Amino acid sequence: MAIRITSDSTCDLNHLIKERNIGIMPLQVNLGENAFRDGVDITPEDIFKFVDETKVLPKTAAPSIGEYEEFFKKELEGYDSLIHFNISSKSSGSYNFAKQAAESFGGKVRVIDSKALSSGQGLLVLKSADMRDEGKSAEEIEKEILVLRDRVNTSFVPDSLDYLHKGGRVSGMVKTVASMFKIHPLIYMEDGQLIPGKKYKGKMSFLIKQYVEDLKAQYPNYDKSRCFVTHSSADKELVDAAKEKVKELFEFDEIIETVAGSIITSHCGRGTLGVLFIYNK
């Protein structure tokens, strides 16, 4: 049975989209009156420029049910079934729209709420591609993914709380105190929802190593197949330091660097960095 794997654009898989034959449904980013498609005709640099000039965040939007129907119809051509991944349903309405659109295809389209975002979602997409290539059925893939999605470490540390403040996720007082004392809170996902965690203090180049050490202590047993170091246009030195620390402490078969797309960048801002992988319970 030929199985098509697709995802919305928030999976942040960059070059792996083509390499692993993944179909992508772009979410929408609005800069003022102008609408753009994530990963198609807008870049993170466009986001930074817009926010610098206007002092407001872009608006993001999910595709409509009709747009999902058109997407699924096109992506199903030549395939027997399709498995589609969405950003956490607690972060966007895209899952519900995709789920309703799937009803038009008589069970050929399976829609999965990743309960994650960015390459946390990407980890599940790649796992499904692994199983597809191993010859597993769509039912087997969906069943295993629904177990794995509760074992994805989706976490990151922002360089600044400016975008999170503009988006209403942190108060002005918290932003001011964090800036004054160089505090960088860990943000992680639990049951599909973003939650603040440990508060790191100091320069990003120092604390990012502590962040990786904390991950190793928290998740001593993990899936060694792959790990993502995903960032929103962070400095190369910071990214390299994170990758080196991951290499030192973990035993992943591959450590993949990806850059967050426009949807994720719109909410977290420049310089945010996360180390994401699947852990074993």
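Modeller: The model is a predicted one. Glu-248 belongs to helix α10, which covers residues 236–249.

Ser-118 gives the contrast. Its relative accessibility is 5%, and because buried means under 20%, Ser-118 is classed as buried. Ser-118 is part of helix α5, residues 118–133. A polar contact of 2.7 Å links the side chain of Ser-118 to the side chain of Asp-12.

The structure contains one cavity of 30 Å³ or more, and the space in the largest cavity amounts to about 110 Å³. Its lining consists of 15 residues; those nearest the centre are Ser-118, Phe-156, Thr-230, Ile-264 and Thr-272. In terms of class, seven of the lining residues are nonpolar and eight are polar, while none is charged. Four elements each contribute at least two residues to this lining: β9 (155–156), β12 (227–231), α11 (262–268) and β14 (273–278). The largest share is that of β14, with three residues.

The strands among these contributors may be followed into their sheets. In general, the strands of a sheet pair through backbone hydrogen bonds, in either a parallel or an antiparallel sense.

β12 and β14 belong to an open sheet of four strands, ordered β8-β14-β12-β13, in which the pairing is mixed. At its edges stand β8 (152–153) and β13 (255–259); each has a single partner strand, so one side of each has no neighbour in the sheet. Five bridges connect β12 with β13, and these two strands run parallel. Within that pairing, His-231 has Val-259 of β13 as its bridge partner.

β9 belongs to another open sheet, of three strands in the order β9-β10-β11, paired in the antiparallel sense. Here β9 and β11 (193–201) are the edge strands, each pairing on one side only. β9 is joined to β10 (residues 183–190) by two bridges in an antiparallel arrangement, and Ser-155 faces Tyr-188 of β10 as its opposite residue. On the β11 side, β10 pairs through seven antiparallel bridges, and there Tyr-188 stands opposite Ile-195. β10 and β11 together form a hairpin with two residues between the strands; in its turn, Asp-191 has a positive phi of about 50°.

One further region illustrates burial within a strand. In β7, residues 109–113, four of the five residues are buried, and the strand is thus mostly covered. β7 runs parallel to β6 (residues 81–86), with five bridges joining the two; among the paired residues, Leu-82 has Val-109 of β7 as its bridge partner. Together with helix α4 (residues 94–102), β6 and β7 make up a right-handed β-α-β unit.

Definitions and conventions:
Residues numbered from 1 in each chain as written. Predicted model: local features only at pLDDT ≥ 70, side-chain atom pairs only at ≥ 80, totals over all residues. Heavy atoms only, no water. 1 Å grid on protein atoms, 1.4 Å probe; cavity = no way out; pocket = protein on both sides within 12 Å on 5 of 7 lines; lining within 4 Å. Points joined across faces, edges and corners; volume = space filled by probe spheres on them. Nonpolar A, V, L, I, M, F, W, Y, C, P; charged D, E, K, R; others polar. Buried < 20%, exposed > 50% of the residue type's maximum accessible area, 1.4 Å probe, protein only. Pairing = 2+ DSSP bridges. Right-handed = clockwise from strand over helix to strand, strands pointing away. Polar contact = N/O pair within 3.5 Å; in protein donor to acceptor, adjacent residues only side chain to side chain.
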